[in-house]
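Let's take a friendly walk through one protein model. Have the picture at hand as you read the notes below.

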Amino acid sequence: MEAGGGGEAEEEQVMSEVHLGCPPRFSGLYLSRFTFSSLPLEHYAGGSDGEHSGGCEMAAATSSCDLPDAVAVDDEGDLVLDRRRRRKRDGRRSDDHVLTVQHGITSSLQSVGLQVWKAAMLLTDFVLHKSFTSSEFDGVTAMEIGAGTGLVGLAQARVASKVFITDRGTDILDNCLANVHLNSSTLKFDEANIHVRELDWRTSWPPPVGTRDASDPSSIYLWAASEIEEAEKATLLLAADVIYSDGLTDLFFNTVRQLMSRGVEKVLYLTLEKRYNFSLDDLDVVANGYKHFRTFFAVRDGCGGLNNAAFKPGLVGEQIDLEKVPQYIREYDRGDDLEMWKLVYCCPD
């Protein structure tokens, strides 16, 4: 998540719902462990033979801070015990994987990228689902844009050939790099293939080429010319929770259009959370930035066609049904305000 602009005075503090179970007055960075297995949560809500028990639903923990695993309950609220998998002494199943993420519990609006947001959890579920059910994302070069903690890029690193994890601000990038170090051994990826780089949407694409300077620690996040060439060969772009203000949305799509119109054909998967507030302009409760977001691409209809006849070169979007994206990560509750879109760059014949 790219941090927004703003003044220095009276910095408002915000907190992601993912962190509701964390120590409320804890300052600094916190380590959370997100658990997942090769089967989605709905599998464990089933009966002893793996079939769904009637009326069962998952009650996923809403905290990322080492709370117990999700549990299943029946229509009467009674616990449905999972006997299909042996559990370790710490309560995890024998085939569990762990994503360890260093993050802030609260932050200023300038540093929202230090938190874990629900849209990033959804996109991580999608990446995990692809990795467990197909080879579509295997061996690709991928880029996470506005990465925040880097959670999505880390999940993709398990199967990718190369991943660029991008955001702006030394504090955000230092935290991303720390999360790469925390997860490389447990998720079994080579850190040499993961590049944490600064991508400031205000300068669009391509980013400036820089030279490493031993006296400037932040110079490790500068791009080499060869890396820009590699990034333009990326076929998979990922972005979570980057839509929350019109100004940042303008900058984001300017960067995305420039990137997607270069090099090989690319696909962007984007997730967002619709946050509702009362608007004086609309005199109604609206989702911040959502209407503006929808102006940046044409929408593909159910038959594969476009819903506007006079289409110019640009982005074409298709909303993804979240019923087709099972939940793998236990420690969050999706709620009803998340959306996912698949965007491609098209030129008319």
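A polar contact is a pair of N or O atoms within 3.5 Å; within protein, one must be able to donate a hydrogen and the other to accept it, and residues adjacent in sequence count only if both atoms are side-chain atoms. This is a predicted model, where local features need pLDDT of at least 70, side-chain atom pairs count only at pLDDT 80 or more, and totals for chains, interfaces and linings use all residues. Residues are numbered from 1 along each chain as its sequence is written, and side-chain values use heavy atoms, leaving out hydrogens and water.

**Ser 219**
- The side chain of Ser 219 reaches the backbone oxygen of Asp 216 at 2.7 Å.
- Ser 219 is in the loop between strand S10 (194-198) and helix H5 (225-231); helices (H or I, at least four residues) and strands (E, at least two) are DSSP runs, numbered from the N terminus.
- With a relative accessible area of 3%, Ser 219 is buried (buried means under 20% relative accessible area, with a 1.4 Å probe and protein chains only).

**Helix H6**
- Buried residues in H6 include Leu 248, Phe 252 and Val 256.

**Confidence**
- The chain averages a pLDDT of 83, and 76% of the residues score at least 70; pLDDT is the predictor's confidence in each residue, from 0 to 100.
- Over residues 47-73 the pLDDT is below 50, and over residues 79-86 pLDDT stays under 50.
- Where pLDDT is low, the predicted coordinates should not be read in detail.

Terms used: Contact = heavy atoms within 4.5 Å. Buried < 20%, exposed > 50% of the residue type's maximum accessible area, 1.4 Å probe, protein only.
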